[in-house]
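The tour goes from selection to selection.

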Amino acid sequence: MEKEKLPNSAQKLIDRIISEARDEAEAMLDAAAGEAERTLLVARDDIFKIEEEAELKAKKLREAELEKSRTNAALDSRKYALKTKRQLVDEAFALAADKLNAMEQAKRLELIKKLLLKEAEGGELIKPAKADRQLIASALDAVNAALKEAGKAALSMDNADAGIDGGFVLTANGYEKNCSFAALLRDVRAQEESAVAAILFG
């Protein structure tokens, strides 16, 4: 059956509607394509920012880890150095103690005299190390003469020995003064450590 032809005016109307619909569809497609392109550009920008932030964070983490490693390494190094120094100081003072105790009699007597004159306030009782009883007894007259000139009372010897390797202990009413060689070395060491601490932390 032959298709019935539409009147010319009707056909033109239909053609125009189809053309407008086509144009509108193409415009919508173009707009959609443009929006898709803009969305893609925004997405790429976001991805770039995310990657940049991630890289920055990773860099900061790496730097933090490196700094932590450096700090730990520095602390470990200082601990090792301090431990080594302490061992050397221990050895040095142990050697000094050995030398003090093995000192020849003349030098030992001179040291004890100086200690007595420096530390005595006058009138104390001397409790000597067993090894130094005879040396102190031999020096006592000269020491007391020097104390007398300084206006101080004489010292006297205790019958009991002090439980020390060398030196003596001065006792009087209300106080006791340890003048053993070991105490002298402790004082020297404390002064040295204070000086080092002042340099390090002062």
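In which sense do E1 and E3 pair, and over how many bridges? Select both: E1 and E3 pair in the antiparallel sense, over 4 bridges. Helices (H or I, at least four residues) and strands (E, at least two) are DSSP runs numbered from the N terminus, and two strands pair if DSSP finds at least two bridges between them. This is a predicted model, in which local features need pLDDT of at least 70 and side-chain atom pairs count only at pLDDT 80 or more, while totals for chains, interfaces and linings use all residues. Residues are numbered from 1 along each chain as its sequence is written, and side-chain values use heavy atoms, with hydrogens and water left out.

**The sheet**

The 4 strands form an open sheet in the order E2-E1-E3-E4, with mixed pairing. E2 and E4 (175–180) are the edge strands, each pairing on one side only. H2 packs on this sheet and touches E1, E3 and E4; the direction of H2 makes about 20 degrees with that of E3. Such angles run from 0 to 180 degrees between N-to-C directions, with axes fitted to C-alpha atoms, for helices over the stretch in contact.

**Phe168**

Select Phe168 in E3, which has Pro128 opposite. Beyond its neighbours within four places in sequence, Phe168 is in contact (heavy atoms within 4.5 Å) with residues including Ile112, Leu116, Ile126, Ile136 and Cys179.

**The core**

Phe168 is also among the residues with the most contacts inside the largest nonpolar core, as are Leu116, Ile126, Leu155 and Leu170. That core has 20 residues. A nonpolar core is a set of buried Ala, Val, Leu, Ile, Met, Phe, Trp, Tyr and Cys residues joined through side-chain atoms within 4.5 Å; buried means under 20% relative accessible area, with a 1.4 Å probe and protein chains only. H3 gives the largest share of this core, 6 residues.

**Helix H3**

Select residues 133–149, which are helix H3. Among the buried residues of H3 are Leu135, Ile136, Leu140 and Leu147. The buried residues of H3 pack against H2 (105–119), E1 (125–128), E2 (156–157) and E3 (167–172). H3 bends by about 45 degrees at Leu140, the angle between axes fitted to the seven residues ending there and the seven starting there. Just after H3, Gly151 takes a positive phi of about 80 degrees.

**Arg108**

Finish in helix H2, at Arg108. Arg108 counts as buried because its relative accessibility is 4%. Its contacts outside four places in sequence include Asp132, Leu135, Asp165 and Phe181.

Key:
The expected span of a helix is 1.5 Å times one less than its number of residues. Buried means under 20% relative accessible area, exposed over 50%, partly exposed in between (1.4 Å probe, protein chains only).
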